[in-house]
Amino acid sequence: MWLRWRQVWCWWTQRSGRGNFYRKSLILVLCITSLPTAIIGYTSYITGRAHIEKEIMRNHDALLKKTMDRMNDNLAQLELAATQWSLDSRMDARLRDMNLNDEYNTTQNLYRFLGVMKGAYPLIDQAQLYLDRQEPIIISDNEGIVPIKNEQERVTFHTLMNQKRGVFWWDSLPKANAKTYSNTVALVQKLPNVGEPYGALILYLNKEKLVQMVEEMTTDNNGASFLMAKDGHIIVSQKTVNEEQAQLEAAIHESVIGRTAESDSYILERKGQSYSVAYGQFTRTGTLWKYVTATSLSQLTAPVEFMSSSMLSIGGLGLLIAILLSWVASKRIYRPIVRLANVIKDHKTTQESQEDELAFIEREWKHLSQESRALELKLDQAYPALRSAFLLQLVQGHFYSLSESELRGRMENFDWQTESKWFALLLVQITGFAKEDGRFLESEEQLVTFAAANIAQEMVRTRNQSAEVINFQDMTVGILLSYPMDRTKQQAKDELYLLADDLGHTISALLKMQTAVGMGRLTPQVLDLPQLLSLLRSAIRYRDLKADHQVLDLEEMLPNANEDLNYPFALEKELMQAIRMGQSEQSLSLIESFVQELVRQSNKEKQLQEGVMQVLGSMLHTMLETGFNPHHLFEGYNLYEQLNQLREPEQMVRFFRQKVISPYIERLNEYQDIHMKRLVERVTERIQERFMNSDISLEECADAFHTTSYALSKAFKQINGMNFIDYLISLRMEKAKKLLIGTDLKVNEIAEQIGYQPSYFIRLFRKYEDMTPGQYRDKLK
């Protein structure tokens, strides 16, 4: 017998085409599913009706809470969206008196804006803008500008303006000039939210969507669900198909009205039937709503009782079903394992492999780990180049927007100790190609610089100093050094001078070139390094043309360089950057700080006058770089002559603010607004034309219109009211719904047509519609 079973096992192993893991998991799941069959039958048989009703009531309460939370979240999101929309620049107070029939662009923008609101949330049936004028009007994206002629409707809409809240719900608001009278739940957002209102943004809810939300709690056709107001009248209820269901709804409504608790669940007996009734209330912006649902207990418990009594008698059939389910479950358990194995094998099938899949994945994982360590080794080898690149950008001033602590943090990431340190900078310049005994040609500048950098690196390494050599690739080499603060400044300065002298002598001797070494002052601030480099480049021009090597001490050449710099270069750089970026408040603040710093450092009128003249020239140069002609911008006025007549610092600050910065910022903002609106309109047209292509993206559109993705994303959000990806997804989802309803294409084909991978499309569709594409098609077809 055992031999026979062994032969069957071997035959199945060879014919199944799967690994050992699949067969073991199938046997395990079979054992697990067979045993619960008997346990479930016995447990169901001894479970009484009272216990079942209790569980149903508990589940009913839990489902009611989830449904109410979901409804509450949807309404809260809608309130938040309405508040954000009301703050849009298109909803300003000019609409109060504007003749919209003459303002075509404004009216069209309002139509599009209302259309975007309507499409942003499926719960919105219609978005309208009410303007409370002497002749009130309603603006709608599909009906245009509609005057309110009915006196009763005028009174009703005017009543909205008298509400104390800026945003509120109205559960019986009619639509203006509607052919058939019907009250609709609407969200009203007064404009503006605070102050004297001139109108209101009205979002009418889709009644079918509300009914669908109410029906979510109804688990059978014999139950009832509805939403009622504080005064007891029913706002929305599920569709009643017969008179009996309508009577049941009325009975439940009457029983709930008589209860004082905010939320409760109870059993309602009616015509020999038991119903589990649960209700709860929630408040939105001062409006109290109560959600009620009822489920037939008799219908729910009848199948359970029948199954409990019959399950023991059909145990054999249940066992066969368990076997079938075990086979299905083992396949589902095996599916991710084989997919992972196939991915590791570069999508090669594992049908002929008899190896345990987990053992194979473990072996391949170890192989990938070895490759990962090899990549880490390569990264470690590239680490010195990354460190040098960072320091090059640091001393050149590319990180001026970072604070001192941020710069120190980045330096510490590159293993540079910055705590309690003096920082110093040496600049080595190599010249002398024209010397008769020179080793290099004029075309070998990079080679000379590279050789000098290597010599400097070797020298600081032999001295065990904390230093980094920076190759500027322009016949100059920088050396950044640090000294502990427990040394005196003079000790560090002497050691730095010996290094500079030795460095100049060695490079000159080895390369047969003239060498000048600029030595900067010691500073505790990393932010001072770019300024030190600029001063060293200027100071090194005073080298002796006949000397083979020399050291130029910046503090000896400029005695006041250590403490008394009379021009705030860092503030000027920040000011120019703020002007270039169009930052009005920061520019106005920085020019005041700049003038105050000039007064603090020099305290002399002549030096103050020279400083402000210098910064005025820098401003005009920056404006010219951004594309504005200063002569046209300031209408030909001689700004230098006007500034030269001022003597008081306060007058100078006021001059820069009123005569220079404010006109430029105003003209820049006007240009950017017009440019960005046109850009977003063109991008929107491009999306509508090409949204079905998979290659369309924010970066692709930014490249197509020669802008940055950050600027385009910010402008798109500001003008269209939603970000780029949400707008693209909404277009694709609408197209997908049309294809699902109007064609017989497969879901995979529809996903490819709108530019998505099938699995991602299904996941995205479920997220936005709370159902799969197949369920959506079955529901609407």
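**Entry 1: two tyrosines**

I looked up Tyr266 and Tyr279 to begin with, and both are buried (buried means under 20% relative accessible area, exposed over 50%, partly exposed in between, with a 1.4 Å probe and protein chains only). I note that this is a predicted model, where local features need pLDDT of at least 70 and side-chain atom pairs count only at pLDDT 80 or more, while totals for chains, interfaces and linings use all residues. Residues are numbered from 1 along each chain as its sequence is written, and side-chain values use heavy atoms, with hydrogens and water left out.

**Entry 2: aromatic pairs**

I found nine aromatic pairs in the structure. Rings of Phe, Tyr and Trp (its six-membered ring) pair if their centres lie within 6.5 Å; planes under 30 degrees apart count as stacked, over 60 as edge-to-face and the rest as tilted.

I checked Tyr130 with Phe157, a tilted pair with 5.4 Å from centre to centre and 35 degrees between the planes. Tyr130 sits in strand β1 (residues 124-131) and Phe157 in helix α5 (residues 151-160), so this pair ties together parts 27 residues apart in sequence. Helices (H or I, at least four residues) and strands (E, at least two) are DSSP runs, numbered from the N terminus.

**Entry 3: Thr622**

I went on to Thr622, which is in helix α18 (residues 605-625). Thr622 is buried, with a relative accessible area of 3%. What does its side chain reach? I see the backbone oxygen of Ser618 at 2.9 Å. Setting aside neighbours within four places in sequence, I listed Met576, Ile579 and Arg580 in contact with Thr622 (contact means heavy atoms within 4.5 Å).

**Entry 4: Ile321**

I ended in helix α9 (residues 315-344), which holds Ile321. Ile321 is partly exposed, at 43% relative accessible area.

Key: A polar contact is a pair of N or O atoms within 3.5 Å; within protein, one must be able to donate a hydrogen and the other to accept it, and residues adjacent in sequence count only if both atoms are side-chain atoms.
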